Amino acid sequence: MEYLVRTARITDIDRLVALSVASDRLARVDGPMDAASLLRQLVYLPQASIFVAEARREVVGGAVLALRPSVMAGGYVGTVDLLVVDPEHDVERISAALIGELLRSAGNKGCTVVEVARPGNATERNRWEQQGFTPAEPLMERAVAAVGATARRAT
């Protein structure tokens, strides 16, 4: 099956939230806004990137990258805030495609590192490690090269 990874549109948010709730990725959201409202705002903000994976015009996965400036990192730090894939599809392939797009976007936006909360599940942790992420307690991270700059080496 062919999968297409693209920038999310506002019309993709409800499906992305449904996938996230079904996989318990948004079960711990506690704040003044619900997840759908926040994601709808992030679609338009430059300090975040939202990508979806499609199969036959159906959203089967998605990922959110949030950016923050960091003097210590020497640029921006990208945080993978959400990665979710419909278990009915090729989870490994879609995850790899979404992570690849997140890393490309992070580099284009001047990030020197991308981090993700270290998964408790060994299979998920292995998925991140296969994409070049290394443990950096309490997170996992991967250095990325900002466009026009050299990547910072993880220590």
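Okay, let's start with Arg6 and Glu54: their side chains form a salt bridge at 2.7 Å, N to O (that's a side-chain nitrogen of Lys or Arg within 4 Å of a carboxyl oxygen of Asp or Glu). Arg6 sits in strand 1, residues 4-7, and Glu54 in strand 2, residues 48-55, so the pair ties together parts 48 residues apart in sequence. Strands here are DSSP runs of E, at least two residues, and helices are runs of H or I, at least four, numbered from the N terminus.

Quick caveats: this is a predicted model, where local features need pLDDT of at least 70 and side-chain atom pairs count only at pLDDT 80 or more, while totals for chains, interfaces and linings use all residues. Numbering runs from 1 along each chain as its sequence is written, and side-chain values use heavy atoms, leaving out hydrogens and water.

So, are the two partners buried or exposed? Arg6 is buried at 13% relative accessible area, and Glu54 is buried at 12%. Buried means under 20%, exposed over 50%, partly exposed in between, with a 1.4 Å probe and protein chains only.

The structure holds eight salt bridges. Another one joins Asp86 and Arg15 at 3.1 Å, N to O. That pair links the loop between strand 4 and helix 3, where Asp86 sits, to Arg15 in helix 1 (residues 13-22), 71 residues apart. Asp86 is buried at 10%, whereas Arg15 is partly exposed at 28%.

Last one: Arg68 and Glu115 meet at 3.4 Å, N to O. Here strand 3 holds Arg68 and strand 5 (residues 111-117) holds Glu115, 47 residues apart. Arg68 is partly exposed at 36%; Glu115 is buried at 11%.
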